[in-house]
Amino acid sequence: MKRQLAVQLLIFLTCSLLINFSSFAASTGKIVGTVKDAKTGDALPGANIFIEGTSLGAASDVNGNYFIPRVPAGTFALVARYIGYQDERITDVRVEANRSFKLDFKLKTTIVEGETVTITAQAEGQLAAINQQLTSREIVNVISEAKIQELPDVNAAEAIGRLPGVSLIRNKGEASEVVVRGLSNGNVAINIEGQRIPASGNDRGVGLAMISTEMLGGVEIIKANMPDNDADATGSTINMKLRTAPKDFQTKLYVQQGYNSQEESFRMREGSFTISNRFWGGKAGILASGSIDLKNRGTDALSASYDSPDDYIPGKPADIEINRATLTNSLEDRDRYGASVVLDYKLPNGKIVFNSFASRLKRNVANSINGFSLENSMININSTFYEQTQDIFTGGIQAEYELFGTQLDMQIYGSQTKTETPDELQMTSEVSPAFVGKITVDTKNLISPGELSTLDEMPDPDQIKVRTTRYDSGIDNGKETGLKVDWQVPFRLSDNFTGYFKTGGKIRALSRERRRFRNSSTWNSSNQFVQNPNRWLLSNYPEYNWNTFSGVITLDHFMADTSPLEFLDDGLQFYYPLDRDKVKEVIDLCRTPEAKQYPILLGRLTEETNDYDNDELLTAGYVMAGIDFGPRLTFTPGVRYEREEIDYRAYYFVRGDGSRFPKIAQANSFFDTTTTRTNEYWFPMFHLKYKITDWFDVRLARTRTVSRPNYGSYSPRITISGENVSKGNPDLKPELSTNYDAYFSLYNNWVGLFTIGGFYKEIENQIYTETREIKPEDNFPSLSGLITQPVNNRFDGEVYGVEMDLQTTFWYLPGYLSGITLSANFTALKSNTQFEWFYDILEYDPSNPWGPPTVIKIDTLRKGRLTNQPKYLGNIVLGYDLKGFSARLSVNFQDNTLRNFNRTVPELDAFTHSWSRWNLSVRQKVGQHIELLYNFNNISNTPEEDFLPGRFNSLNSLEKFGWETDLGVRYFF
């Protein structure tokens, strides 16, 4: 029935469009042209061009081009308006039927006391972002290319984090994921030139750390979707832009050398190039760019884990107790590579653009961990070494064509993300008891660095047995192909009742695979000879001169340094760092053909249980209209329909004895399991924009969006271990969100742009992981343990907040003060959600206290905010421009953020501490073609901390990554 209704609606709309077209096409013409800076000749994107006294108008595109269709024959006055420039009004614009009238604008900058103001490149980029936001029909934030380049942000996530409503999840001192309006990365649609990027991990999120800012031509964040956007964007839609070839031949080169204080390393290099030209009278253009970014991301981290006491009563305050403290010394080389090619060709009535983009993040990681278990006085030594590559590739063709006064846009693309870890090595050891009586700390508080530094009599490495070794490999591979068609037909019922109808559709085919493989061995097993790798190594490789303790190979053979390392710059010592090459050498011996004849290395049982292959086919269609009632009121209603077909394949795995299960003949058995499913949804939306004056407008929106479950959550996997079950849930419903936005904007040449707005989201079917007792309807009749699976929350959640943003220049101030610029934003967020959880209490009969207790099952609720949602966010960028000199001092503030939500014990919730990160960027032009740069990141050397906000405000983790400084040079030709 719904499909029939959709078809009828599309047929009706098409007929209406054709009737409208035939009625008005014969009596109208069009106005086309460009809007540029009168002095520099640079394009001015986002300029507002309109016919005075009517609702007819258009906005200029990124190249400054504009197009006003369906203009009635006659004579008009045409106005071009651009914040930061003087309005230009041209009278006697004569439009003839079936003819094009070409009119180019060359706008002059603002004037104070009869003197024209000079706008620098940095301020020009800021103005471009302001004007694009103002002329958009959507609620959107824009970062221009110039604004991205003026700040020392190392990747795309850092740059996007400068916008209102955006918080960051960091990894080793740099942003790795964005959280928009308190909704995590999986709720954000990530595009490059409108081409959807598939997820880079097990969730739906795309890691933006792999994209260098040097590759970007701008970014826009759509906060309230239109029907022509993908609906799975409850947080937002982020569209990253690539540069296209400007006029004439241009070359840009950039090199940079830096220093990292944490590792005292000069391995902080960066470089990029861009080359472009236009041919055939400017009709064809090509732009090629590339970047390389080599960074040292070493960190020192101190963390702790806590537990509730044995006598904890659910629902009552808990005096949590520390049970473990961990020191982690991490060495990492993090290298980014990027390349893009953009070809464009201008047609008589449109253009064709081919773009391709590739980016790689390569990580070489060595993690050494010393863990102190306070319960049994045990020290765990764990070292992990791996190389990992994360790749993004996208390529597509976009065509825009004016067809009989209508606009037809088509796009076809393919994209891929791949994360591959081909060689991960791990070695673990332990010694117990190790520090009995040496630590007398109150276990309700975290061990301080001073407490751990007293452990100066640690066991010698030749007294510590190697316990296990492990070799892992894995790959996550996501691919997407898409085809999108949009058809927009303008209409004019009168000079003050104009607009457009728009319809179109999209097909997205997604595939995703997860593969893991593990080989592991236990070195100090008490089992038979062939199950002890140390004995095999001792017998077959005596030339290594192994040291042994009670017949087991000891840790000293693998040490990287015999003396403790300085840790956290706080007098703390780090013991037992291992050498990657020595560990790899021994693990490789265990993987030789000779070793494989022994059952030394175990595989599949621990990792492949979560493997899957997923295929999704998404088809969508929409209808919408943009209706202008006079020059001030714009109404944009519409509806989107999406149909999702999924086909998932995973494993049914029984660990241990499978005799209780049909068709399982042996222990540790794997079976394939599959599921197919179809979901259909309608997404009605509307946007309303009203210009109260020429310098003040209000925007309202009501939209409907969806967030689909993570791939692993949808998976039909089932793992049975003993009496317990862990499984995915193919019957999960996607989360649906109803969104309300209200924004007010104040703008003119003196203010720049000031916006204040609020939003509210009501989210149905929230997904969380539930652990409960197995019920008969779960269809595991032979089991009586617990089942863990993702489920939909029967309670709705809500997210709401306020965002404020100011972007301005002080061009009107006297003398040197006119070069001051300011960007500032502030966000306040709040969310409410509640989860159902279950626990047992024991009730004893007072008349028979020695008798068996009665088990009473309690069903209760726990309320809290969304994970990864901070309370407050803020950004300030204070700048100064004077001729060829430019400086930017920036601060990014993020209030405490919920990192872990414990449904049973509120005192075990983990939050980040509030932090502020200060950066400085200075530039100076030398002549016409050279620019010198200096950057200083994390000036205050602020570490990142998590804490448990209970009665003791206990530290959960602390990570220190140091400050960075660098010098660079850019060459323009």
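Modeller: E402 is buried, with a relative accessible area of 16%; buried means under 20%, exposed means over 50% and partly exposed is in between, using a 1.4 Å probe and protein chains only. K30 also counts as buried, at 15% relative accessibility. Before going on, note that this is a predicted model, in which local features need pLDDT of at least 70 and side-chain atom pairs count only at pLDDT 80 or more, while totals for chains, interfaces and linings use all residues. Residues are numbered from 1 along each chain as its sequence is written, and side-chain values use heavy atoms, with hydrogens and water left out.

E402 and K30 belong together: they form a salt bridge whose closest N and O atoms are 2.7 Å apart. E402 is in strand β24 (residues 378-403) and K30 is in strand β1 (residues 28-37), so this pair ties together parts that lie 372 residues apart in sequence. A salt bridge here is a side-chain nitrogen of Lys or Arg within 4 Å of a carboxyl oxygen of Asp or Glu. Side chains of opposite charge can pair when their charged atoms come close. Strands, like helices, are DSSP runs numbered from the N terminus: a strand is E over at least two residues, a helix H or I over at least four.

The structure holds 62 salt bridges. One of them joins the side chains of E803 and K223, at 3.2 Å from N to O. That pair also links distant parts of the chain, with E803 in strand β42 (residues 797-809) and K223 in strand β16 (residues 218-224), 580 residues apart. E803 and K223 are both buried.

R334 and E332 supply another salt bridge, at 2.8 Å from N to O. R334 is buried, as is E332.

A charge sits over a ring if NZ of Lys or CZ of Arg is within 6 Å of the ring centre and within 35 degrees of the ring normal. The charged end of R204 is placed in this way over the ring of Y711, 4.3 Å from its centre. R970 has its charged end over the ring of Y254, 4.2 Å from the centre.

Rings also pair with each other. A pair of aromatic rings is described by the distance of the centres and the angle of the planes. Rings of Phe, Tyr and Trp (its six-membered ring) pair if their centres lie within 6.5 Å; planes under 30 degrees apart count as stacked, over 60 as edge-to-face and the rest as tilted. There are 22 aromatic pairs in the structure. F497 and F629 make a stacked one, 5.2 Å centre to centre with 15 degrees between the planes. F497 lies in strand β27 (residues 497-522) and F629 in strand β32 (residues 612-629), so this pair connects parts 132 residues apart in sequence. F497 is partly exposed at a relative accessible area of 28%, and F629 is partly exposed at 37%. W695 and F696 have ring centres 6.2 Å apart and planes at 35 degrees, so their pair is tilted. Ring pairs also link Y259, F266, F936 and W963 into a cluster.

As for the strands, an open sheet of four runs in the order β3-β2-β5-β6, with antiparallel pairing. At its edges stand β3 (57-59) and β6 (88-95), each with a single partner strand, so one side of each is left without a neighbour in the sheet. Two strands pair if DSSP finds at least two bridges between them. Strand β5 (residues 74-81) and β6 pair in the antiparallel sense over six bridges, and A80 stands opposite E88 in β6.

Last, a residue in a helix: I587 is found in helix α7 (residues 580-590) and is buried, with a relative accessible area of 4%. I587 touches L425, Q426, T469, R470 and Y471, leaving aside residues up to four places away in sequence; contact means heavy atoms within 4.5 Å. The C-alpha atoms of I587 and Q426 are separated by 9.0 Å, although these residues are 161 apart along the chain.
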